[in-house]
Structure formats: structure tokens, C-alpha cells
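This report describes a chain whose sequence and model are displayed below.

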Amino acid sequence: MTMRYFCAVRSAPLVPLPGGSFSSSRARVAFSRKIFFCHAKFADSGIEGTVSLKMVSPTLLAAEKEEAKAVLTLFLKKQGLSNVVAARTINKSDSFIEHLISRLHVVHKSRYLVGRELTTLEIREALIPYLETLHEENGDLIIDVVESFPNPPVKEKPVSSVSPSDTPDTPVTPVTSANSKKLKAISRVSEIDIDGNLRPNILYLQELGLDLDQIKGITRRFPSFAYYSLEGKIKPVVEFLLDLGVSKSDIPNILHKRPQLCGISLHENIRPTMKFLEGLGVDKTQWAKVIYRFPALLTYSRQKMQTAVDFLYDIGLSKENIGKVLTRWPNITSYSVEDKLQPTAKYFRSLGVDVSVLILRAPQTFGLSIEANLKPITEFFLENGYTKDEVGTMISRYGALYTFSLNENLIPKWKFYLTMEYPKSELVKFPQYFGYSLEERIKPRYALMKECGVTLLLNQLLSLSRSNFEKALEAKVKKLVPDEDQSS
């Protein structure tokens with residue numbers, strides 16, 4: 001008698017997710033709703049920030065909210081707020097936190113489509129530039145902006161001290177030369193000629209996809225941008241980028257990240273810098289991607305870049321691999337060798353890690369804080385029974401492991417792992433486990449595997465595509481049939 005076994009292989013759907021000190025009595029000023037709502041645009045993308053969160057699993061959403069709160073807390077403290085004031089602001093900022101989450105879902109939409117969660121570093125890099133832009137635009141009013149989102153805080157002017165010759169009706173508001181320069185630059189952006197047209201450079205930027213509010217935002221951060229000539233500076237650089245293969249839709253992001261790019265000579269600075277970097281091994285066919293990732297690279301001095309390159313040579317990278325690192329993660333040239341790169345390399349060596357291999361595979365890891373990111377994760381694995389050598393192996397195999405949040409990512413996944421009936425050694429073999437979404441990938445696939453009554457390697461369970469995962473389950477189920485037939 002032939003016994004037929006059937007396992008309903010229902011693949012778990014991968015749901016596409018849409019994507020300094022401050023006083024206690026803050027100054028109150030009035031600014032228009034239109035200006036405030038321009039802040040709700042994504043500073044790096046120009047995409048409107050209205051995104052539905054309804055399709056996001058509650059667990060993942062809760063974890064991301066905690067990550068966003070942590071980023072906002074650190075940012076506020078960096079501006080000079082005390083722990084108490086920062087915490088109080090976070091507690092009043094639910095709407096703003098949701099706005100930040102919407103930003104993540106739009107900017108990193110592709111990550112969700114393949115069932116991968118964002119790393120702490122990716123979240124930081126998506127949110128911090130946006131927060132910095134808001135702070136540059138609003139100064140000490142940043143707390144009001146955060147707490148009152150999405151409504152602009154409408155407030156009265158501050159009371160200023162007056163001299164004996166002043167009357168109560170004419171308060172004195174000092175304006176620094178820097179503020180004056182900024183205000184003049186912003187005003188210049190909106191100037192029109194007798195025919196009612198904006199300046200040619202502004203019209204050109206609008207044709208590229210930048211709206212007037214975005215151009216003003218760039219000018220607030222870098223006033224000189226308003227004075228760049230169209231034919232002499234902006235247009236030659238933009239056309240050069242387009243010739244390199246940069247998409248026209250990416251130009252606004254590049255100019256927002258590094259407006260200074262339009263202020264340096266194409267022939268005396270940009271081209272020679274690119275030639276210098278190509279000599280170091282940067283892939284000339286990848287310039288469009290390199291510039292989009294980190295446009296500041298082309299504005300750095302050769303001395304600054306050479307310092308980072310010398311470090312890469314010192315840790316044992318070949319010229320070819322240095323080129324790969326610079327192509328994949330040009331941001332590394334912005335890290336301080338003395339304060340960041342060398343201490344991080346020393347720390348990883350203490351765990352038995354080959355730092356040259358690690359920096360080649362995951363150069364972004366070297367931008368993390370040793371005290372805030374690296375040490376807590378190492379201690380977590382040691383406390384849960386892994387040896388230092390095993391931790392070093394895990395890092396070597398999956399350098400991005402340390403870019404995840406300990407509390408919101410690693411710990412929840414570790415707790416679930418303990419229920420999965422895999423030995424602890426399996427994580428040493430496949431630490432990439434921590435890179436997959438717990439709710440959208442790990443749990444559904446594990447439940448389906450158990451339902452079929454078979455066991456796949458952890459690697460097979462998570463890394464296979466949907467169709468290959470189904471095939472692997474079917475193959476395992478078929479192998480059970482002869483055994484059952486023989487026993488009957």
C-alpha cells in the first residue's frame with residue numbers, strides 16, 4: 001500500500017511596505033504653515049512624507065519606532081538637551097515619530113520587499129540628515145517643531161532687552177552678520193525679474209526636480225548656493241554628472257547632500273580628484289553610484305583621502321581591494337583615522353577578527369561607536385554561551401551583524417531562535433539569521449517547515465528564494481515517503 005503525504009506549501013507573502021542648549025522657556029515666533037509642511041518632505045529624496053503604516057506588522061512597527069526614538073533622543077542630546085528634556089520631548093512626539101517611520105519605509109522600500117529589516121546604521125543614515133536639516137532651518141525651535149508636528153507652532157516673539165532710548169513698542173532683535181547673509185541668500189532665491197520670472201539658476205534647478213522650498217532649504221544650510229551662476233558653475237557640474245551616468249532624478253538628492261559640489265572647479269578640482277581616486281582603484285564604471293552614495297567625496301582634499309587610504313594599506317588591503325572598499329563605501333574617507341578607524345580595528349583584532357577581511361566585506365561597520373554599538377553586542381553573545389572565538393567567527397562571516405540594534409533586533413530574534421530547535425552552533429555557521437525580518441520571514445517560514453514535518457538547515461530556511469524554499473520543502477517531504485512505506 002502506497003501512502004501519499006501532502007504538505008501544503010503556502011509561502012509566506014512578503015508584504016511590500018510603503019515606504020546648543022535650550023532653555024525651558026523657549027522663544028515663540030510665527031511662521032507659515034506652508035513653510036512648515038515643506039519640512040515633512042524627505043530631506044534626502046524630495047518625496048512627500050505621507051505614507052500609510054497600516055500594512056506594517058505591529059511588532060516590526062514597534063521595533064522601528066523604538067529605533068526612531070533612539071535616533072531622535074541622541075540627536076536632541078547632541079544639540080545640548082539634558083536627558084530629562086530629551087525624554088520629555090520624545091514622550092510628546094508620537095506624530096513626529098510616525099513621520100520618521102514613514103520616511104524609512106519610502107527610502108528603504110526595497111529592503112522590505114525581500115524580507116530584510118533595516119540595520120541601526122541604515123536607520124541612522126536615513127534620519128539624521130533629515131533631523132539636521134530641520135534643526136538648521138528652525139534652530140532652537142526644533143523642540144516645538146517636533147512636539148507640534150504636523151501643525152506649525154504659532155508663537156509670539158521673544159521679549160528683548162531695550163536700551164534707554166528704546167520705547168516698549170520697538171524691541172531690539174540683534175541680527176548677526178551670518179544670519180543677515182543667510183536671509184539675503186534665501187531672499188535672492190525668490191527674486192523675480194520685471195517679467196515675473198525667477199532667476200535662471202533657480203529655474204534650471206526646478207527643471208531638475210527641485211522645488212522652491214527645497215532650494216531655500218539648501219540655501220539655509222549653505223548660503224553661497226544662491227549666488228552660483230548657472231552657466232559658470234551649476235550647469236557644467238550637472239551636465240558632467242549626467243554624462244557619468246547619474247540619473248537626472250538623483251541630481252536633487254546629490255545637490256541637497258553636497259551643494260558645495262557646484263562651487264568647486266570642474267577642471268581644477270573634480271576631474272583631478274576622480275583621476276586620483278581611479279588611480280587608487282575606484283571603479284570608473286561605478287562613478288554614478290559612488291557619487292550618489294557620498295557626493296562629499298569629490299569635495300575632499302587629496303590629503304584627507306590619502307590618510308584613509310594609508311590606513312587601508314596598513315591593515316593589509318591590496319590596492320585592488322582598497323578600490324573596492326572606496327567604491328562600495330566612499331563614506332570611509334570621512335572617518336577619522338586616529339579617533340575612529342584605528343580604535344575600531346584594534347577592538348576587532350582583540351576578538352580574533354581579520355580586520356582587512358571585515359572592512360572589505362562590511363566597511364560600514366567601522367563607522368560604529370565601540371562603546372555604544374560594538375561592546376554591548378559582543379557582551380550579549382558572550383553572556384549567552386558563545387566563546388570569544390565564536391563571536392569573532394560570526395563577525396567575520398557577517399560584518400553587518402554589529403549594525404543592528406541590540407534591544408530591538410538581536411534580542412527578540414535570539415529569544416525566538418531558542419524556540420526553533422536548532423543548536424547554538426548553527427548561528428555561528430549562519431549569523432545572517434539576524435538580518436532577516438522576524439515577522440515577515442523567520443516566523444512564517446519556520447512555522448511552515450514545522451507544519452511539513454521536516455528540517456532544513458538555517459541557511460536554507462532563510463536565504464533561499466520563495467520558489468527554491470518551496471522546492472526544498474517538497475524534496476524533504478518526498479524523502480519521507482519511502483521511509484514510511486517501508487515501515488508499513
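Is the crossing of helix 19 and helix 21 right-handed or left-handed? In this predicted model, helix 19 and helix 21 cross in the right-handed sense.

## Overall composition

The chain contains 25 helices and zero strands. It has 488 residues, and 45% of them count as buried. The accessible surface of the chain amounts to about 24200 Å². Carbon and sulfur atoms account for 52% of that surface.

## Helix 19 and helix 21

Helix 19 spans residues 370-383, and helix 21 spans residues 406-417. Their axes come within 12 Å and cross at roughly 15°. Because angles under 35 degrees count as roughly parallel, helix 19 and helix 21 are roughly parallel to each other.

On the side of helix 19, the contact involves P376, I377 and F380. These residues meet L406, L410, I411 and W414 of helix 21. By class, the contact of helix 19 with helix 21 comprises seven nonpolar residues, with no polar and no charged ones.

## Helix 11 and helix 13

The axes of helix 11 (residues 230-243) and helix 13 come within 12 Å, with a crossing angle of roughly 25°. That angle makes helix 11 roughly parallel to helix 13. The crossing of helix 11 and helix 13 is right-handed.

Helix 11 contributes P236, V237 and F240 to the contact, while helix 13 contributes L266, I270, R271 and M274. Six nonpolar residues and one charged residue make up the contact of helix 11 with helix 13, and no polar residue takes part.

## Helix 13 and helix 15

Helix 13 (residues 266-279) also packs against helix 15 (residues 302-314). The angle between them is about 15°, and their axes lie 11 Å apart. Helix 13 is therefore roughly parallel to helix 15. Helix 13 and helix 15 form a right-handed crossing.

From helix 13, the residues in contact are P272, T273, F276 and L277. From helix 15, they are R302, M305 and Q306. The contact of helix 13 with helix 15 divides into four nonpolar residues, two polar residues and one charged residue.

A86 is located in helix 3, which covers residues 83-91. Its relative accessibility is 0%. Because buried means under 20% relative accessible area, A86 counts as buried.

Leaving aside residues up to four places away in sequence, A86 touches T73, L76, K77 and L81. A86 and L72 are 14 residues apart along the chain, and their C-alpha atoms are separated by 8.6 Å.

R445 belongs to helix 23 (residues 438-452). With a relative accessible area of 7%, R445 is buried.

Which residues does R445 touch, not counting those up to four places away in sequence? They are L461, L462, L464, S465, R466 and F469. For R445 and R466, the separation along the chain is 21 residues, and the distance between their C-alpha atoms is 9.7 Å.

Conventions
Residues numbered from 1 in each chain as written. Predicted model: local features only at pLDDT ≥ 70, side-chain atom pairs only at ≥ 80, totals over all residues. Heavy atoms only, no water. Axes fitted to C-alpha atoms, helices over the stretch in contact; angles between N-to-C directions. Helix = DSSP H or I, 4+ residues; strand = E, 2+ residues; numbered from the N terminus. Parallel < 35°, antiparallel > 145°, perpendicular 65-115°, else oblique. Left-handed = near helix turned anticlockwise from the far one by under 90°. Contact = heavy atoms within 4.5 Å. Nonpolar A, V, L, I, M, F, W, Y, C, P; charged D, E, K, R; others polar. Buried < 20%, exposed > 50% of the residue type's maximum accessible area, 1.4 Å probe, protein only. Areas by Shrake-Rupley, 256 points an atom, 1.4 Å probe, with all protein chains shown as cover.
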